[in-house]
Each structure stands twice: as structure tokens, then as C-alpha cells.
Amino acid sequence: MENLKLTFWILLFIVFYTYVGYGLVLFLLVKIKRVFKTKGKQSKSNYQPEVTLLIPAYNEKHFVAQKMQNSLDLNYPKDKLKICWVTDGSNDGTNLKLADYDMVDVFHEDQRKGKINAINRVMDKVKTPIVVYSDANTLLGKDAIHHIVTCFEDEKVGCVSGEKRIFNKDKDDAAGAGEGLYWRYESTLKKWDAELYSVVGAAGELFAIRTALYNEVEPDTLLDDFMISLRVAQKGYTIQYNPKAYAIESASANVKEELKRKIRISAGGIQSVVRLRVLLNVFKYKTLSFQYISHRVLRWTLAPLCLILLIPILGVLSYNEGGLGFHMYTILFWLQGLFYAAALLGWYLKHRAISLKVLYVPYYFFIMNYSVVLGFVRYMNNAQSVNWERAKRAA
């Protein structure tokens with residue numbers, strides 16, 4: 001029984017560290033660094049390199065006008081901003097719709113091989129020193145390009161991630177409330193990650209790299225943004241984060257759609273951990289490895305497994321205490337049950353169109369970890385296509 005108790009505390013520590021503890025440790029490390037940090041160089045206000053805005057799209061005809069207007073309204077010199085779309089496999093006329101804009105380069109092939117293959121195909125045609133990736137169905141802040149390129153004044157920076165902001169008119173929906181809260185927490189961690197050393201992965205809605213650092217990515221890659229950015233970091237450059245450069249995206253239409261999206265991301269996360277296993281070498285990559293393992297690897301591997309194991313282990317420990325009364329393991333067992341009951345109740349109320357936002361947090365947390373389990377199964381069965389099936393978004 002003592003071994004079981006030790007196992008319980010180890011599992012609980014891993015879960016706590018993954019979702020809360022790392023944030024606390026990161027906060028303390030950043031505070032310490034600020035004490036010894038010397039004043040950095042002032043930004044050059046005239047730093048405006050040529051930039052290519054690369055927009056991969058599949059059947060995004062209905063977003064073309066909105067995305068193009070948004071791109072043309074960006075506060076960056078028009079003669080230094082090149083707009084490029086790659087529309088491989090689109091059969092809804094996306095490429096034909098883009099023909100109305102003579103200032104745009106459009107690369108199209110009839111065959112659909114997935115987003116990363118489309119990017120691989122056109123990257124050797126990008127001649128600007130900086131390339132900015134953005135999804136067709138996201139809108140950029142007017143100064144997004146400006147805020148991104150200023151980070152590249154530091155020669156150690158190889159990649160810059162913008163901030164993903166969630167827009168949902170129905171903020172009380174489980175997907176909108178949970179996803180929005182999650183991204184606010186993620187944004188805080190990214191700020192601290194960047195301040196300590198480097199962000200561990202970029203958001204595909206908006207990120208940029210030095211074009212010369214791009215290497216062709218495996219054609220079956222599921223998380224192209226994550227792999228591209230971490231491969232840059234693997235070369236010794238840092239990934240920085242600038243929340244002033246933001247992209248706005250609608251929340252998933254519902255939790256079912258959010259689950260679909262997260263299962264794919266989780267399958268891609270497992271794939272990325274396997275392919276980026278060299279980054280687990282803390283002796284070689286030091287701080288980057290510490291951040292990568294703490295912020296990403298644990299979420300995609302051990303933490304969900306620990307949550308599953310805690311259920312029967314706490315049950316046994318509680319039973320050994322008698323199952324009732326104010327004993328530590330018994331209390332923890334019932335608190336665990338209460339949490340999952342809250343998640344279940346959140347699901348029930350959502351389907352009854354009853355808003356009780358506090359229950360959407362445990363519901364969304366459960367969905368996040370459940371998707372990792374399903375994503376792992378999908379990855380092991382090699383059942384995830386590289387072709388993205390776009391999730392429905394909130395109107």
C-alpha cells in the first residue's frame with residue numbers, strides 16, 4: 001500500500017506540474033531573470049524588411065474577399081509586402097476568385113496533398129527575407145506585420161509567433177468559454193516562455209520565420225506550424241512571441257467540433273514528439289528542452305495517462321481508508337469524482353441550452369485530455385490524414 005501511495009503522489013505531481021506548476025516555476029524564473037537582465041537595444045523604427053504573407057488555402061472561396069481586404073489594409077509599406085496564396089486541391093473556385101486581385105501571386109495545383117506539401121512546394125519561390133504564415137479564415141490586426149518584424153531585429157530570433165484570439169458572439173458556450181480561457185492562459189505562458197528563452201511552438205494562425213531557415217518538412221506532417229517553428233529552434237535560434245501581433249479566429253461551433261480539431265492536434269503532437277525527440281536532450285538544448293518537455297511533451301504524453309491512472313488508484317486508497325469519513329485519500333477521491341461530475345453536468349446543461357459558465361471549465365479540461373487519448377489511438381493506428389478537415393466555426 002505504501003508503494004501505491006507513492007505512485008499516487010508521483011502521478012498527482014506530474015498532473016499538477018503540467019497544468020499549474022510549470023506556470024508557477026516559469027513565473028519565478030522570469031522574475032529572477034528580470035533582476036539580472038541588462039537593458040536591451042532600442043528598436044529601430046525604420047526596420048521594415050520585405051515580407052511575404054503566405055496563405056495556404058483549401059476551398060476557402062467564401063473567405064477570399066474578407067481575407068484579401070484584411071491583407072490589403074495591413075499597416076505595412078505596400079511595396080514591401082508580397083501576398084502569396086497556395087490553393088492546392090481547391091475545387092470551389094478559390095484560385096479563380098483570387099484572379100480578381102492582380103497584386104497577388106497564386107500557386108495552384110489540382111491535386112490535394114495537404115497543407116504542408118503545399119507549403120513545401122512554394123517555399124523556394126519566396127524571395128523575401130521574412131515569410132509570414134497565416135490561415136485564410138483568420139483576420140490579422142492592422143499592425144500585425146509591423147509587430148512581428150520588429151522582433152527579427154535580434155539576430156538570435158529565427159521565428160516569431162503572433163497571438164491567437166478567439167472571437168465568439170456566444171461567450172457562454174462551452175467551446176467559446178473554455179477555448180477562450182485556455183488561450184488566455186496559453187498566451188501568458190508564451191509571454192513568460194519567450195522572456196525566459198524561447199516559445200515552444202508557433203500558432204499556425206499567425207507566425208513568421210527567416211526564410212533562409214526553412215527546411216522541407218516531412219510530407220505526412222500533421223502539425224506543420226509546430227514542426228516548422230521547432231526545427232528553427234533546433235538550429236539554435238529562438239522563437240519569440242509578440243501578442244501585439246494577433247490573429248482573430250472564431251471559436252469552434254461546438255465542443256464536438258472542438259474535439260474533432262483537438263484529436264487531430266493531439267495525433268500531430270504525438271507525431272511531433274517522436275520526430276523531435278532530439279529536443280529531449282537537456283544536456284544539448286538546455287533551457288529549450290526544459291521548456292519543451294514542461295509545456296508540450298507532458299501534455300501530449302504523461303499527463304493524460306496520469307489522470308486515467310489516478311481514478312482507480314484513488315479508489316483503492318479510499319477503499320482502504322473505509323470509503324467514508326474525513327480521511328485524506330477519501331476526500332481526494334470524492335473531490336476527483338466531483339470534478340468529473342461537474343464536467344458531465346457541463347455537458348448535460350450545454351445540450352439543454354442552459355448556461356452555467358463555471359461548469360464549462362472542467363468540461364473543456366476533460367475534452368482536452370480525452371482528445372489526447374483519442375489522438376494517441378489515431379496516431380498508433382495511422383488513421384489521421386494529412387489533409388485537414390476544417391472544423392465548423394461559430395457564426
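This passage describes the overall make-up of a predicted model and then several of its local features.

The protein contains 13 helices and 8 strands. Of its 395 residues, 51% count as buried. When contacts between residues at least 6 apart in sequence are considered, 78% of them join residues that are at least 24 apart.

A search of the whole structure finds 1 cavity of 30 Å³ or more, and the space in the largest cavity amounts to about 30 Å³. The lining of the largest cavity is formed by Pro56, Lys115, Ile119, Tyr133, Ser134, Asp135, Gly204, Phe207 and Asp224. Helix H4 (115-122) and strand E4 (130-134) are the elements that give two or more residues to this lining. Sorted by class, the lining has 4 nonpolar, 2 polar and 3 charged residues.

One of the lining residues, Asp224, is found in helix H7, which covers residues 224-234. Asp224 counts as buried because its relative accessibility is 8%, and burial requires a value under 20%. Apart from its neighbours within four places in sequence, Asp224 is in contact with Lys115, Ile116 and Ile119. Among these partners, Lys115 and Ile119 also belong to the lining of the largest cavity.

Helix H5, made up of residues 144-151, is mostly covered, with 7 of its 8 residues buried. The buried residues of H5 are Ala144, Ile145, His147, Ile148, Val149, Thr150 and Cys151. Two of these residues, Val149 and Thr150, are contact partners of Tyr47, which also touches Phe152 and Glu153 when neighbours within four places in sequence are left aside. Tyr47 itself lies in the loop between helix H1 (2-36) and strand E1, and with a relative accessible area of 23% it is partly exposed. Although Tyr47 and Glu153 are 106 residues apart along the chain, their C-alpha atoms are separated by 7.6 Å.

A further pairing across the sequence involves helix H2, where Gln66 has its place. The C-alpha atoms of Gln66 and Asn137 are separated by 8.5 Å, while the two residues stand 71 residues apart along the chain. Gln66 counts as partly exposed because its relative accessibility is 42%, a value between the limits of 20% and 50%.

The loop between strand E1 (51-56) and helix H2 (61-72) holds Asn59. The phi angle of Asn59 is near 50°, which is a positive value in a residue other than glycine. In general, most residues other than glycine have a negative phi. At 18% relative accessibility, Asn59 counts as buried.

A positive phi is also found at Lys286, where the angle is near 45°. Lys286 is placed in the loop between helices H9 and H10. Its relative accessibility is 54%, and Lys286 therefore counts as exposed, since values over 50% fall in that class. Lys286 is in contact with Asn281, which also touches Ser289 when neighbours within four places in sequence are left aside. Asn281 sits in the loop between helix H8 (255-275) and helix H9 (282-285), and at 32% relative accessibility it counts as partly exposed.

Helix H10, comprising residues 287-300, packs against helix H11, comprising residues 302-320, at an angle of about 50°, and the axes of the two helices are 4 Å apart. The contact is formed by Val297, Leu298, Arg299 and Trp300 on the side of H10, and by Leu302, Ala303 and Pro304 on the side of H11. By class, 6 nonpolar residues, no polar residues and 1 charged residue take part in the contact of H10 with H11.

Definitions and conventions
Residues numbered from 1 in each chain as written. Predicted model: local features only at pLDDT ≥ 70, side-chain atom pairs only at ≥ 80, totals over all residues. Heavy atoms only, no water. Axes fitted to C-alpha atoms, helices over the stretch in contact; angles between N-to-C directions. Contact = heavy atoms within 4.5 Å. Nonpolar A, V, L, I, M, F, W, Y, C, P; charged D, E, K, R; others polar. 1 Å grid on protein atoms, 1.4 Å probe; cavity = no way out; pocket = protein on both sides within 12 Å on 5 of 7 lines; lining within 4 Å. Points joined across faces, edges and corners; volume = space filled by probe spheres on them. Buried < 20%, exposed > 50% of the residue type's maximum accessible area, 1.4 Å probe, protein only.
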